[in-house]
Amino acid sequence: MAHDTENRGDPLDPRIYFAAERTLLAWVRTGLAMMGFGFVVARFGLFLRELAAVRDVPPHHSSGLSLWVGTTLVILGVAVNVAAAVKHWYTVRRLERGRPLRFRAWSLGMVVALLLGLLGVLTTTYLIVGLDH
């Protein structure tokens, strides 16, 4: 029990804090990528309209789905960054108090993966249905 860091009051190994920081930065990169991709998707409809105008082709009736999907991705990216910052703050506080970290089944990664999967299924359904018209 001489190696028990909770009882000694010694600071934790800095590598633990660095690992938490790397995890935060990975989530920030993920959120930024989602926001960037969302912007591209949102502007894709505008690109198609401009392309049709250059070719003198009547523009295809747009449902505006690219704007909604893109906006959803941007909002989801912002939510991921905020959730990552909050999670990092709680993790550092737990480490400072010497409390063990808790891992839940519904982690930030699980929630993001499920939301992106749902968004992908909805987009795929739209593309399949939209190709029939």
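Student: Is D13 buried, exposed or partly exposed?

Tutor: Buried means under 20% relative accessible area, exposed means over 50%, and partly exposed lies in between (1.4 Å probe, protein chains only). D13 has a relative accessible area of 30%. On that scale, D13 is partly exposed.

Student: What should I know about the model itself?

Tutor: This is a predicted model: local features need pLDDT of at least 70, side-chain atom pairs count only at pLDDT 80 or more, and totals for chains, interfaces and linings use all residues. Residues are numbered from 1 along each chain as its sequence is written, and side-chain values use heavy atoms, with hydrogens and water left out.

Student: What is the mean pLDDT of the protein?

Tutor: pLDDT is the predictor's confidence in each residue, from 0 to 100. In this protein, 85% of the residues reach 70 or more. The mean pLDDT is 82.

Student: In which helix is confidence lowest?

Tutor: Confidence is highest in α3, at a mean of 91. Over residues 4–8 the pLDDT is below 50, and beyond near neighbours in sequence this stretch has four contacts in the model (contact means heavy atoms within 4.5 Å). The lowest mean is 46, in helix α1 (residues 5–8).

Student: How many helices and strands are there?

Tutor: Helices (H or I, at least four residues) and strands (E, at least two) are DSSP runs, numbered from the N terminus. Along the sequence the pattern reads α-α-α-α. The count is four helices and zero strands.

Student: Which residue meets R15 in a salt bridge?

Tutor: A salt bridge is a side-chain nitrogen of Lys or Arg within 4 Å of a carboxyl oxygen of Asp or Glu. Side chains of opposite charge can pair when their charged atoms come close. R15 counts as exposed, at 60% relative accessibility. Its partner, at 2.4 Å from N to O, is D13.

Student: Is N81 buried or exposed?

Tutor: N81 sits in helix α3. Leaving aside neighbours within four places in sequence, N81 is in contact with W27, V28, G31, L32 and M35. Its relative accessible area is 17%, so N81 is buried.

Student: Which element gives the most to the lining of the second largest pocket?

Tutor: On a 1 Å grid over the protein atoms alone, a pocket is an open set of points where a 1.4 Å probe fits, with protein on both sides within 12 Å along at least five of seven lines; lining residues have an atom within 4 Å of a point. This pocket is lined by 19 residues, of which K87, H88, T91, R102 and F103 lie nearest its centre. Elements giving two or more residues are α2 (14–54), α3 (65–97) and α4 (108–132). With seven residues, the top contributor is α3.

Student: What separation do the C-alpha atoms of T123 and V69 have?

Tutor: T123 is in helix α4. At 26% relative accessibility, T123 counts as partly exposed. T123 and V69 are 54 residues apart along the chain, and their C-alpha atoms are separated by 7.9 Å.
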